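Please look through the sequence and the three-dimensional picture below before reading on. The report that follows goes from the ligand to some selected residues of the chain.

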Amino acid sequence: MNLIQRPRRLRQSAVFREINHETQLGRAHLMMPYFITSGSGIRKKHPHLSVALTLSRDELEKEIGQAREKGVDKFLLFEVSDKRDAQGSEALNENSALCESVKRIRDKFDDVLISTDIALDPYTDHGHDGLFKDGKILNDQTVEVLQKMSALHAKCGAQMVAPSDMMDGRVLAIRERLDEEGFQDCAIMSYTAKYASAFYGPFRDTLGSNVVGDKKTYQMNPANRREALRELHLDLDEGADIVMVKPAIHYLDVIADVKLDSNVPVAAYHVSGECAMLEAGVKAGLYDRTRAIYESLLAIRRAGADLIATYFAVEFARDFR
Ligand code: PBG
């Protein structure tokens with residue numbers, strides 16, 4: 001056959017394939033989530049997600065030391081707390097396991113990025129991310145608590161706060177409060193398009209949170225794509241430094257849309273249920289662990305994510321070709 005175009009020419013050998021390789025995935029693109037709890041000597045794995053770790057402060061220090069050796073230097077911290085009430089008061093306790101851990105990590109390691117989750121769900125008895133009264137989320141009152149929580153985390157040493165609550169107006173409010181308190185350098189990674197997803201299951205059982213009802217009045221409808229851009233433009237106007245789409249694998253179209261319209265880095269959260277699906281498939285002998293996880297992370301990068309929060313970050317902290 002006399003063909004001028006033969007795309008296979010660029011696939012014929014490893015060197016050609018290397019030239020024709022479009023998307024890079026490396027340790028720099030990965031951020032590792034950890035769950036922090038009080039006590040000492042505690043290191044627990046989720047039963048269906050071996051890479052989701054709940055750690056006491058001493059174990060977190062060891063873990064971050066090792067992760068850094070492997071090349072991971074971006075961390076996202078969540079607290080697992082047994083102190084729950086209607087207001088989520090523990091969120092503002094400067095001696096909480098999370099706050100103490102952030103201070104210690106920042107004392108010990110000066111070259112890692114510590115980001116903290118900003119939302120009330122680890123601390124509320126109703127399991128919601130915001131204040132909840134008579135069956136309703138109180139948006140503006142919640143934002144006031146999130147402002148205080150963000151300033152507290154910045155004071156403990158967090159260089160980035162990550163509001164995951166989806167309240168309206170919180171990015172600007174947090175930015176203003178951080179600036180007022182002298183934390184101009186503390187960045188905001190906003191959960192910009194966070195969907196009311198079934199794939200948060202392993203995360204919620206790690207936190208031990210039983211949500212009263214559901215989160216559909218604040219998290220987005222999985223049916224929606226256009227609305228993600230509305231949220232994006234609001235967050236950009238309000239001063240978000242990084243915008244996030246969550247979950248990741250089931251929302252690659254949204255990541256791609258956000259990437260096109262965003263003038264700041266785009267993050268994606270490869271959430272607990274998405275990671276657990278991969279491990280379950282490996283356990284059932286359906287596919288090769290390394291190849292399946294690599295392909296998933298690569299897909300998230302190809303869609304447009306500059307940064308991926310994934311429980312596989314430490315395991316995949318190498319530069320792939
Ligand atoms: C809530 C929050 C959730 C996750 C991160 N922050 C769960 C939820 O919205 O109920 C999920 C992350 C994961 O599943 O890995 N503030």
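This is a predicted model: local features need pLDDT of at least 70, side-chain atom pairs count only at pLDDT 80 or more; totals for chains, interfaces and linings use all residues.

## Contacts with the ligand

An oxygen atom of the ligand is 2.6 Å from an N or O atom in the side chain of R204, and a polar side-chain atom of Q219 lies 2.7 Å from an oxygen atom of the ligand. The protein covers 100% of the 400 Å² of accessible area that the ligand has on its own, where accessible areas come from the Shrake-Rupley method with a 1.4 Å probe and, for residues, only the protein chains shown count as cover.

Residues are numbered from 1 along each chain as its sequence is written. Local features need pLDDT of at least 70 and side-chain atom pairs count only at pLDDT 80 or more, while totals for chains, interfaces and linings use all residues, and side-chain values use heavy atoms, with hydrogens and water left out.

## Two arginines

R170 lies in helix α5, which spans residues 170-180, and R302 is found in helix α10, which spans residues 289-303; helices here are DSSP runs (H or I, at least four residues), as strands are (E, at least two), numbered from the N terminus. R170 is buried because its relative accessible area is 2%, whereas R302 counts as exposed at 56%; buried means under 20% relative accessible area, exposed over 50%, and partly exposed in between, with a 1.4 Å probe and protein chains only.

A polar atom of the side chain of R170 lies 2.9 Å from the backbone oxygen of P163. The C-alpha atoms of R302 and L30 are separated by 14 Å, although these residues are 272 apart along the chain.

## Backbone exceptions

Most residues other than glycine have a negative phi, and most peptide bonds are trans. K246 and P247, however, are joined by a cis peptide bond with omega of about -10°, and P247 is in the loop between β10 (242-246) and α8 (252-261).

D134, which is not a glycine, has a positive phi of about 50° and is exposed, with a relative accessible area of 75%. M166 also has a positive phi, near 65°, but counts as buried at 5% relative accessibility, and M166 is in the loop between β8 (160-163) and α5.

Methods. A polar contact is a pair of N or O atoms within 3.5 Å; within protein, one must be able to donate a hydrogen and the other to accept it, and residues adjacent in sequence count only if both atoms are side-chain atoms.
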